[in-house]
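Hi,

Here is the model I said I would pass on.

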Amino acid sequence: MRPKLVVGNWKMNGSRVANATLLTGILEGLDNAKAAVAVCVPAPYLFQAEEILKGSPVAWGAQDVSCHPVGAYTGEVCMTMLQDFGSRYVIVGHSERRAYHGETNELVAKKTGAALAAGLTPIVCVGETLVQREAGQTMAVVNAQLDAVLEAIGAQAIDKIVLAYEPVWAIGTGKTATPAMAQEVHAALREKLRACNAEAAENTLVLYGGSMKPDNAADLMAQPDIDGGLIGGAALKAEDFLGIIRAAS
Ligand code: PEP
């Protein structure tokens, strides 16, 4: 059986004071959670995350990374910088990066490959917009996003990534995919992974993201192909995040 994983995506939120309160609140309330837990924080706070979380069951990571190893890329952050602060995870291809920063499937695939090569676990986001869903293009969109990644990393590496299905229309909107809607896409994604590497596909974690909250998390994560959550808004309050971790446990 695949373990559950709950990851917080803080997006561009936080301050030294707020982060300390949030992280200590999570650590204090974690009890004996069975799910694996991580937080993906803004890059300037990786140092603080490492200081507070080192030696705890909560892993940490970043929300984006450059595909380049080092050099003249003003404003960018590279893999070795994430590693310098003990990061385990990095989100790649979040829909906000695709929409606001023009990230293409090919760039996301490149970042995924570079993260794997650096020994980080990429959390690769795929998902359709509302217009695409209503046009019946959901699977075509997520398949194209996943195809680019699979081509870049190869069949042997598919269980080294975490995949996150995040319907864009559900992110930050309070509109969640129903468990059945989400499961349908998750099952299709896993089928695609199986076609690539049947054995590894059983071990690849596929998270759901999009307005997951303590009160809908258990139903979503009870679905056979939903292995946890990528959490935005509800990851900013310790009690809400802990509620989702409990639902996953
Ligand atoms: C996200 O941004 O990855 C996300 C899932 O956000 P929210 O939970 O706020 O919808």
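This is a predicted model: local features need pLDDT of at least 70, side-chain atom pairs count only at pLDDT 80 or more; totals for chains, interfaces and linings use all residues.

The ligand has 14 residues around it, and K11, H94, E166, G172 and S211 come nearest (a residue is near a molecule if one of its heavy atoms lies within 4 Å of it). By class, that shell splits into four nonpolar, eight polar and two charged residues. The classes are simple: Ala, Val, Leu, Ile, Met, Phe, Trp, Tyr, Cys and Pro are nonpolar, Asp, Glu, Lys and Arg are charged, and the others, Gly among them, are polar.

Residues are numbered from 1 along each chain as its sequence is written, and side-chain values use heavy atoms, with hydrogens and water left out.

A polar backbone atom of G172 sits 2.7 Å from a ligand oxygen, and a backbone N or O atom of G233 is 2.8 Å from an oxygen of the ligand. From the side chain of N9, an N or O atom is 3.5 Å from a ligand oxygen. On its own the ligand has 290 Å² of accessible area, and the protein covers 97% of that (Shrake-Rupley method, 1.4 Å probe).

Most residues other than glycine have a negative phi. K11, not a glycine, has a positive phi of about 55 degrees, and K11 is in the loop between β1 (5-9) and α1. S211 is not a glycine and has a positive phi of about 55 degrees; S211 belongs to the loop between β7 (205-209) and α10 (214-221). Helices (H or I, at least four residues) and strands (E, at least two) are DSSP runs, numbered from the N terminus.

Now the helix packing. Axes are lines fitted to C-alpha atoms over the stretch in contact, with angles running from 0 to 180 degrees between N-to-C directions, and contact means heavy atoms within 4.5 Å.

- α1 (residues 16-29) with α2 (residues 46-53): the angle is about 30 degrees and the axes are 10 Å apart. R16, N19, A20, L23, T24 and L27 of α1 make the contact with Q48, A49, I52 and L53 of α2, giving six nonpolar, three polar and one charged residue.
- α1 with α11 (residues 238-248): here the angle is about 35 degrees, with axes 9 Å apart. L22, G25, I26 and G29 in α1 meet A238, F241, L242 and R246 in α11, so to speak of classes, five are nonpolar, two polar and one charged.
- α7 (residues 138-153) with α8 (residues 179-196): the angle is about 35 degrees and the axes are 11 Å apart. T138, M139, V142, N143, L146, D147 and L150 in α7 meet V185, A188, L189, K192, L193 and C196 in α8; nine of these residues are nonpolar, two polar and two charged.

Cheers

Definitions and conventions:
A polar contact is a pair of N or O atoms within 3.5 Å; within protein, one must be able to donate a hydrogen and the other to accept it, and residues adjacent in sequence count only if both atoms are side-chain atoms.
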